[in-house]
Amino acid sequence: IYLIAFLVALDFVGIDLTTLTVFSGAVGIGLGFGLQKIASNFISGLILLMEKAKEEGDLIELSDGTFGFVRRASARYTLVETFDSKEILVPNEDLITSRVVNWTFSNSSARVEFHVGVSYHSDIELARELMLEAARAHPRCAKTPEPACYLLAFGDSSVDFTLHFWVDDVTLGRWPPQSEVMFEIWRKFKANGIEIPFPQRDLHIRS
């Protein structure tokens, strides 16, 4: 009512409202462009809330390499805390338009995978069994699915294996169990005479 009265008063005074209309239209367009990202983030936040694609405590990985826990979700951004305690404000629009890996969406288990090279002079079947024993002995190694070790390739200097094992709770980290299993493999290889070779080349000299 006050706004209508103000406009009528301006008309009575003799001020041309056409100029005011053009000016207000220009201001509206400017505000529209300025608030475009804010509105997009707000709508994206509502979509994420309804879909429940991420919740507080979830471990997510973004397409730019950001990896951490969801600590807070707001209308404009999502707060992600990385493993080195960095707090990153991620716009909600990025979580809608980009690929997001949610490591704990339906379950918290995850697979640990790494490669091991064994010398051609070593007993490769024994090496495979030792690697499986090292994985099974780790307290965080899941019983199901069981650890698996596959012969990957006959390399230039080594027989290459890949070892897979699962952890039940990925939020506790994957690097510690991987490191501890690799240390145990090293000890078992040392005790059983299994050699992990370094790159080698044969040199033939012609007279």
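Helices (H or I, at least four residues) and strands (E, at least two) are taken as DSSP runs and are numbered from the N terminus. The structure is a predicted model, in which local features need pLDDT of at least 70 and side-chain atom pairs count only at pLDDT 80 or more, while totals for chains, interfaces and linings use all residues. Residues are numbered from 1 along each chain as its sequence is written, and side-chain values use heavy atoms, with hydrogens and water left out.

The secondary structure of the chain consists of 6 helices and 8 strands. Read from the N terminus, these elements follow the order α-α-α-β-β-β-β-α-β-β-α-β-β-α. The accessible surface of the chain, computed by the Shrake-Rupley method with a 1.4 Å probe and, for residues, with only the protein chains shown counting as cover, amounts to about 14200 Å². Carbon and sulfur atoms contribute 60% of that surface. Of the 207 residues, 31% are buried; here buried means under 20% relative accessible area, exposed means over 50%, and partly exposed lies in between (1.4 Å probe, protein chains only). Contacts are defined by heavy atoms within 4.5 Å. Among contacts in the chain with a separation of 6 or more, 60% involve residues 24 or more positions apart.

The packing of two helices was examined next. Helix H5 covers residues 124-137 and helix H6 covers residues 175-192; their axes come within 9 Å and cross at roughly 140 degrees. Angles under 35 degrees count as roughly parallel, over 145 as roughly antiparallel, 65 to 115 as roughly perpendicular and the rest as oblique. H5 and H6 are therefore classed as oblique to each other. The crossing of H5 past H6 is right-handed; a crossing is given this name if the near helix is turned clockwise from the far one by less than a right angle, and is left-handed if the turn is anticlockwise.

On the H5 side, the contact is made by Leu126, Ala127, Leu130, Met131, Glu133, Ala134 and Ala135, which meet Val181, Glu184, Ile185, Lys188, Phe189 and Asn192 in H6. The residues of this contact divide into 9 nonpolar, 1 polar and 3 charged. In this division, Ala, Val, Leu, Ile, Met, Phe, Trp, Tyr, Cys and Pro count as nonpolar, Asp, Glu, Lys and Arg as charged, and the others, Gly among them, as polar. Glu180 is also placed in H6 and is partly exposed, at 42% relative accessibility. The C-alpha atoms of Glu180 and Ala135 are 9.1 Å apart, although 45 residues separate the two in sequence.

Two serines were located in the loop between strand E6 (110-118) and H5, namely Ser122 and Ser119. Ser119 is buried, with a relative accessible area of 4%, and Ser122 is likewise buried, with a value of 13%. Leaving aside residues up to four places away in sequence, Ser119 touches Ile124, Glu195 and Pro197, whereas Ser122 touches Gly193, Ile194 and Glu195. Ser119 and Ile196 lie 77 residues apart in sequence but 5.7 Å apart in space, C-alpha to C-alpha.

Several residues in other loops were also characterised. Ala75, in the loop between strand E2 (67-73) and strand E3 (77-82), is partly exposed, with a relative accessible area of 42%. Beyond residues up to four places away in sequence, Ala75 touches Asn41, Phe42, Gly45 and Asn92. Phe105 occupies the loop between strand E5 (100-102) and E6 and counts as exposed at 54% relative accessibility. Apart from neighbours within four places in sequence, Phe105 is in contact with Lys52 and Ala53; Ala53 is 52 residues away in sequence and 7.2 Å away from C-alpha to C-alpha.

Backbone geometry was noted at two further sites. Ser85, in the loop between E3 and strand E4 (87-91), has a positive phi of about 70 degrees although it is not a glycine. Ser85 is exposed, with a relative accessible area of 54%. Thr144 and Pro145 are joined by a cis peptide bond, with omega about -5 degrees. Pro145 belongs to the loop between H5 and strand E7 (148-154).

Definitions and conventions
Axes are lines fitted to C-alpha atoms, for helices over the stretch in contact, and angles run from 0 to 180 degrees between N-to-C directions.
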